Amino acid sequence: MIWQALTLQLGYNATLVAIGATMLGIAAGVTGSFLFLRKRALVSDAVSHATLPGIGLAFIVMVALGGEGRFLPGLMLGAAVSSGLGLLVIGWMIRRTRLTEDAAIGAVLSVFFGAGIVILTVIQSMQAGRQAGLESVLLGSTAGMLRADALVIAAGGALVLLLVMLLRRPMLAVGFDPDFAAVTGTNVARIDLAMMGLVMAVTVLGITTVGLVLIVALLIIPAVTARLWTDNALRMVGLAGLAGGLAAFVGAAVSATAPALPTGPIIVLASFVLFVLSIALAPARGGVALLLRQMRFRRRVHRRQGLLALAAGQPIHEPFTLTLLAREGMARADGVPTEAGRIAAAKALLDEARWAALRGDPAQGLTASRYDGLTPIETVLTPDQIAELDRHLPRPQAVI
Amino acid sequence: MGAEFVALSLTPLLIGVLAAVTCALPGNFLLLRRQALIGDAISHVVLPGIVAAFLLTGRVAALPMMLGAAGAALVSVVLIEAVRRTARIEAGAAMGVIFTTLFAAGVLLLEQSDTSGVHLDVEHALYGNLESLIWLDATGWASLLDPVALSGLPPELPRMAVALLIVALSIAVMWRPLAIATFDEGFAATLGLPVRAIGLALVMLAALAAVAAFDAVGSIIVIAMFICPPAAARMMTDRLLAQAAWSVGFAILSAVLGYVLAGYGPLWLGFANSVSAAGMIATVSGLILGVTMMIGPCRRRAGGATVH
Amino acid sequence: MAHPLSTPRSLLQTEGTVAATPAPPPALQVGGLTVAYGEKPVVFSVDMSVAQGTMTAIVGPNGAGKSTLLKAVLGLVKPLSGEVRLFGLPLSRARDRVAYVPQRASVDWDFPARVIDVVLMGLHRELGLLRRVRPAHLDRARACLARVGMEDFATRQIGQLSGGQQQRVFLARALAQSADLYLLDEPFAGVDAATEKAIIAVLKDLRAEGRTIVAVHHDLSTIRAYFEHMFLINMRAIAAGPVAEVFTAANLQRAYGGRLGEAQVAGMQAGDATP
């Protein structure tokens with residue numbers, strides 16, 4: 001069954017839902033990565049919670065005008081208007097008062113949501129209050145996407161991606177270094193506005209399927225996952241889209257296999273699984289790789305310090321250094337250097353002296369800045385340059 | 001305004017007030033430490049906590065659900081810190097990863113529980129049911145002195161009172177270390193203050209407040225109480241103690257006004273039903289914040305000195 | 001310390017020596033200290049010894065590890081290796097004898113506190129959790145403010161202070177701690193001339209009382225006027241000792257590398273820049 005789901009053989013509806021979800025996932029991942037770069041991940045939470053009063057009011061207005069009420073584009077418009085208003089309020093609060101960004105986000109999030117709840121209870125008491133459809137806004141719809149909705153979401157997602165493609169250069173510039181971008185002529189305020197608009201669009205597209213809270217997950221988790229794999233901003237955006245799309249596709253497929261599996265949560269859990277796998281496995285910034293690198297670094301530092309101590313005839317007292325040197329055959333357990341250790345120590349001492357001479361030369365500022373206490377000078381200078389340096393050293397350079 | 005008030009409005013009003021104040025107190029420090037959104041995270045993970053407790057015990061009872069919520073809060077704080085360190089990302093993103101995932105797990109578990117036949121009221125968890133916490137055993141103001149009637153008090157009331165007591169006492173005792181560690185963490189550490197433990201204790205107090213309050217006002221509204229009254233207080237004063245006092249005042253005002261407007265507002269406007277008290281309390285706290293942001297004497301960022 | 005190279009060395013050695021008249025332990029002694037952020041060493045295998053009753057400047061180019069060295073001494077960052085001793089004791093046993101004046105930028109000055117509240121923080125060890133602030137404490141706090149010339153600002157909101165005034169408040173807070181060793185991180189950065197005069201006067205008074213001053217100092221032109229000892233660092237310890245001996249063109253070249261023009265150094269040695 002799961003294999004059929006993954007290869008889109010479960011029928012027209014399920015296929016449509018899968019496509020719609022995937023578009024949403026890609027769009028959310030991509031848009032969210034810009035938010036992440038700007039260090040504003042949780043603004044998405046405010047945007048999503050602030051849609052509630054707009055949705056409620058739109059419903060009431062549409063019913064009052066004689067319509068059906070649960071008319072998706074109308075609700076989406078209401079959502080966009082109130083979350084847009086919320087964004088404006090956040091910006092105003094940060095600029096005009098001493099409140100910090102997190103306070104502004106939290107205040108708008110909770111107050112708008114509270115107002116939305118009030119409006120929902122008003123709707124509950126209305127005759128036309130078939131709010132079962134509206135409450136899916138909170139937790140996502142358990143029945144999955146309707147066909148019409150899937151089309152809207154897929155189309156909207158594609159539009160969002162198109163806009164991101166068009167605006168990717170300025171958005172990346174602003175995300176990476178807003179001051180530099182401003183100096184080179186980018187209108188930072190307008191690009192930020194565009195970015196928030198895209199976030200709003202993705203949120204509005206996603207709420208009826210995945211729900212208020214979980215669309216935030218799709219905006220944040222794929223972006224963080226992508227960050228673990230690369231330091232390149234453009235690549236990160238692409239990977240985030242991939243992660244979001246993958247999670248959405250797998251999630252939609254899995255949830256189609258059983259009636260009690262609502263789409264939204266499964267998609268979010270799929271994206272979390274991707275995240276955890278990335279933490280474990282990613283070579284660039286994954287946890288395991290990081291740990292190994294840190295251990296190796298610690299050994300390098302202690303090895304260097306130990307060798308220099310040996311060279312200067314100083315006793316070593318740090319147990320970690322002693323064990324390390326003993327294990328590598330550089331010294332005996334009591335700290336007396338072996339023959340190999342003596343050679344290595346003299347080399348280290350010479351390296352230090354050369355670096356000190358290099359760093360003191362005003363003409364060599366750039367090369368000297370590569371000094372980190374560990375890198376041998378041979379990686380930075382040619383043998384001729386090293387010979388030149390040796391001529392100015394105050395001590396004999398011969399190594400056994 | 002006699003027997004009917006005591007029986008139908010007094011206890012919900014009191015519970016609302018106590019919940020608001022219990023959240024506003026730690027909220028002052030969360031705000032100053034730029035940790036306002038930890039309340040957001042805690043509020044969202046309360047749902048999976050109570051669903052897990054419900055599935056484990058099979059009953060819709062207060063104690064296991066509160067323990068479940070507290071456990072979820074603790075687990076999420078630990079996980080958020082773990083994610084922040086291992087993935088090297090900002091606190092907001094780390095919170096976003098964890099609380100949305102836990103919330104998703106909660107919703108998923110909820111679906112499983114629905115099929116098992118017993119119903120767990122999700123809306124209740126999200127925005128509470130303050131209006132229903134009435135005291136039917138009361139016959140009037142005299143019931144306050146009647147032990148028999150008092151035994152029929154809604155249990156949420158003494159629960160909230162105990163939570164407020166714990167939170168208020170803890171903050172009072174920790175006041176100076178909290179202030180010093182919030183203002184200048186490096187200096188606090190050199191004094192020998194356990195800054196990490198202080199930060200953790202504050203978050204735990206916030207979690208206690210959220211867990212105790214969610215039954216009355218729901219988890220999402222709790223965020224409003226953590227942030228809006230203290231933020232409004234920030235607009236009014238430049239002194240820490242005064243800020244805490246203002247925040248308590250604003251919290252009480254929000255709760256009372258919100259409850260009254262929710263219950264009687266629609267009646268005044270000609271409608272029959274009341275609206276969500278919790279939602280109205282949050283909205284009123286927001287309106288109060290809005291007013292103070294426009295006319296509060298200390299609303300502007302510190303002028304004179306520039307921080308390099 | 002003429003030799004530029006440092007080695008890891010246990011400070012426990014000094015405790016074993018027997019002398020006729022035991023010399024007072026150094027106010028600060030650091031051995032083989034290495035601190036790295038991630039995989040970038042910022043302080044590498046640094047030894048340092050500061051005698052009691054002296055005034056020492058920690059000097060070096062930007063990013064040389066000066067602030068990090070202070071923070072490692074105070075236990076604010078965890079070193080990869082090395083030992084720190086304050087008055088011969090580990091930090092945990094010597095906290096009441098050390099006062100820290102951090103950089104101004106490390107604090108949010110919008111915090112709801114008045115000047116007097118910040119100075120009272122320096123009295124925390126005495127006040128503890130529950131003791132009330134008595135008039136005696138307020139008097140001591142005001143006395144510290146008077147020493148830095150800020151007695152009229154006691155009830156001012158700290159956000160309304162200028163940079164120099166903020167720096168003086170930090171110093172007053174440190175004075176309230178009645179410490180024997182004062183560690184200051186760039187106390188003269190971005191302050192007006194009057195504040196600089198006031199601060200150096202207080203520091204010299206403290207030194208005259210037998211206390212020890214160690215300050216990260218950014219301005220080469222005022223070292224000779226303000227300090228008697230200096231410690232040159234650029235990730236590694238470059239040179240240490242009396243200013244007259246250490247402040248040479250050769251040492252400065254080794255520390256600052258290509259960042260100091262020859263003429264600049266010569267100018268600093270020849271003319272004296274007195275503030």
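User: Let's start with chain C. Which strands does helix H8 of chain C lie across?
Analyst: Helix H8 (residues 193-208) of chain C lies across strand E3 (55-59), E6 and E7 of chain C. Against E7(C), H8(C) runs at about 145°. Keep in mind that this is a predicted model.

User: Okay, and how do E6 and E7 of chain C run, parallel or antiparallel?
Analyst: They run parallel, with 5 bridges joining strand E6 (residues 181-185) to strand E7 (residues 212-216) of chain C. As an example of the pairing, C:Leu184 has C:Ala215 in E7(C) as its bridge partner.

User: What's the strand order in the sheet of 6 strands in chain C?
Analyst: The order is E5-E6-E7-E3-E8-E9 (chain C), in an open sheet with mixed pairing.

User: Which strands stand at the edges there?
Analyst: Strand E5 (98-101) and strand E9 (236-242) of chain C. Each has a single partner strand, so one side of each has no neighbour in the sheet.

User: And how much are neighbouring strands of this sheet turned against each other?
Analyst: By 15° on average, ignoring direction.

User: Give me the overall numbers for chain C.
Analyst: Chain C has 12 helices and 9 strands. Of its 275 residues, 52% are buried. Among contacts in chain C with a separation of 6 or more, 70% are between residues 24 or more positions apart.

User: Where does chain C touch chain B, and which elements are involved?
Analyst: On the chain C side, the elements giving two or more residues are E5, helix H5 (124-127) and helix H7 (163-176) of chain C. H5(C) has the largest share, 3 residues. In total the contact takes 29 residues from chain C and 24 residues from chain B.

User: What's that side of chain C like by class?
Analyst: The side of chain C that touches chain B has 15 nonpolar, 10 polar and 4 charged residues.

User: Switching over: how many residues go into the contact of chain B with chain A?
Analyst: That contact takes 55 residues from chain B and 49 residues from chain A. Elements of chain B that give two or more residues to it include helix H2 (38-57), helix H3 (62-87) and helix H13 (277-295).

User: Which helix of chain B gives the most?
Analyst: H4(B), with 15 residues. The side of chain B that touches chain A divides into 31 nonpolar, 15 polar and 9 charged residues.

User: I saw two helices packing inside chain B too. What's the angle between H1 and H11 of chain B?
Analyst: About 60°, with the axes of helix H1 (residues 3-32) and helix H11 (residues 219-236) of chain B 7 Å apart. H1(B) passes H11(B) in a right-handed crossing.

User: Which residues make that contact?
Analyst: From H1(B), they include B:Ala20, B:Cys23, B:Gly27 and B:Leu31. From H11(B), B:Met225, B:Phe226, B:Pro229 and B:Arg234 are among them. By class, the contact of H1(B) with H11(B) has 13 nonpolar, 2 polar and 1 charged residues.

User: Last one, chain A. What's its secondary structure?
Analyst: Chain A has 18 helices and 0 strands. Its radius of gyration is 30 Å, well over the 21 Å that the globule rule gives for 400 residues, so chain A is more spread out than a compact globule. The C-alpha trace of chain A spans about 95 × 55 × 35 Å along its principal axes.

User: And how much of chain A counts as buried?
Analyst: 52% of the 400 residues of chain A.

Notes:
Residues numbered from 1 in each chain as written. Chains lettered and ligands numbered in written order. Predicted model: local features only at pLDDT ≥ 70, side-chain atom pairs only at ≥ 80, totals over all residues. Axes fitted to C-alpha atoms, helices over the stretch in contact; angles between N-to-C directions. Helix = DSSP H or I, 4+ residues; strand = E, 2+ residues; numbered from the N terminus. Left-handed = near helix turned anticlockwise from the far one by under 90°. Contact = placed C-beta atoms within 7 Å. Nonpolar A, V, L, I, M, F, W, Y, C, P; charged D, E, K, R; others polar. Rg over C-alpha atoms; globule rule 2.2 N^0.38 Å. Buried ≥ 20, exposed ≤ 12 C-beta atoms within 10 Å, placed from the backbone. Pairing = 2+ DSSP bridges.
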